[in-house]
Amino acid sequence: TLVNRVVSHLVQTIRSKDSCFSSIERQSAGSYYERVKISEPNEFDIMLVMPVARIQLEESDDTGAYYYVSFKRSPKEKGWLKFLEEDGKLSAFKMLQALREIIKQEVKNIKDLEVTVARKKAGSPAITLQIKNPPSEISVDIILTLEVQQSWPPTTQGGFKIEQWLGTKVRRDLKFRSLYLVAKQNKREKVLRGNTWRLSFSHIEKHMINNHGNSKTCCESDGPKCCRKGCLKLLKYLLEQLKMKYPKELEKFCSYHVKTAFLHSCVTWPNDSDWHLGDLDHCFQQCLGFFVECLQKSHLTHFFIPQYNLLSLEDKAKHHFLSRKISHELNNGFPIFHE
């Protein structure tokens, strides 16, 4: 309720303050909205989605995930010009800066709640709000997102292999959905200008996780129940606990790593009968086994972009560290869950 109140207030102001942002819509992403949050709901991801007309995408590196964005025609709305670089590329950095300024000014006008904007984290695409909610604090990541009605880029061609799991028709329908790009700095850029955008499939992931059954009745009120969401919750929880224990060694890992491993597991074991509710223990260990293999090989393929390895080779030692810690948990009945 608090998050909704703050975000609704901000969205109204953002729309009125800058004509480019006038059609911004909020969309919820992340584990709370996928109903896979385990601990206290104290972290929220909110995407501020801006529809943009015909754009051109140019790959900014060999991952297939990061792009430069430019308009095919000069935008009708002249306000966009202030966000363009000299070469016509749309600057994520400039747009985030403008958005951040509006939000920083406006949180001062939110009465009866203490809301602050956290300091900028290097390389993070989010504008983080902190809402005091004694005795604790809620943090809300606001992510600037472009929404384009055009087909997914060629780098996604061989990915998203859900035919056996969710069916060919579902795959086709989901590929017709808009393309999302989030303002995210590409660390591999030779000159860090901050004008790159990263493909985001969070809306597709949310749909798959909420409609996860091979049969249409899976987990419906009168249908058979499965343990897929239970598995994802446990994977995320385990990583969360390990990160708290070894913050320095595991800082490179995030819940997206285990979420990707989980989606690959859903494809490997596509049938609802592979995920009986009573088999949670076995299924969880199976998913973990797959993730440990990925860590040992330092290779975890992005679910939608097959050429993109989410585990960078220069972090091999960290992958092996995490794989040892997980194997220890697996072999000893997960002591970390009882601490």
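Two residues are in contact when they have heavy atoms within 4.5 Å. This is a predicted model, in which local features need pLDDT of at least 70 and side-chain atom pairs count only at pLDDT 80 or more, while totals for chains, interfaces and linings use all residues. Residues are numbered from 1 along each chain as its sequence is written, and side-chain values use heavy atoms, with hydrogens and water left out.

## His319 and its surroundings

Let's start with His319, which lies in helix α8. Helices (H or I, at least four residues) and strands (E, at least two) are DSSP runs, numbered from the N terminus. Leaving aside neighbours within four places in sequence, His319 is in contact with Phe253, Leu295, Ser298, Leu311 and Ser312.

Is His319 buried or exposed? His319 counts as buried because its relative accessibility is 2%; buried means under 20% relative accessible area, exposed over 50%, and partly exposed in between (1.4 Å probe, protein chains only). His299 is 20 residues from His319 along the chain, and their C-alpha atoms are separated by 9.5 Å.

Next, look for Lys89 in the loop between β4 (66-71) and α2 (92-107). Lys89 has 17% relative accessibility and therefore counts as buried. Apart from neighbours within four places in sequence, its contacts are Glu58, Tyr68, Val69, Ser70, Phe83, Leu84 and Asn195.

A charge sits over a ring if NZ of Lys or CZ of Arg is within 6 Å of the ring centre and within 35 degrees of the ring normal. In another such arrangement, the charged end of Lys82 sits over the ring of Phe83, 4.6 Å from its centre.

## Aromatic pairs

How many aromatic pairs does a search of the whole structure find? There are 16; rings of Phe, Tyr and Trp (its six-membered ring) pair if their centres lie within 6.5 Å, with planes under 30 degrees apart counted as stacked, over 60 as edge-to-face and the rest as tilted. Among them is the edge-to-face pair of Trp152 and Phe304, 6.1 Å centre to centre with 70 degrees between the planes. This pair links distant parts of the chain, 152 residues apart: Trp152 is in the loop between β7 (136-148) and α3 (168-175), and Phe304 is in the loop between α7 (280-297) and α8 (316-331).

Trp152 counts as buried because its relative accessibility is 10%, and Phe304 counts as buried at 0%. Ring pairs also join Trp152 and Phe304 with Phe160, Phe201 and Phe303 in a cluster.
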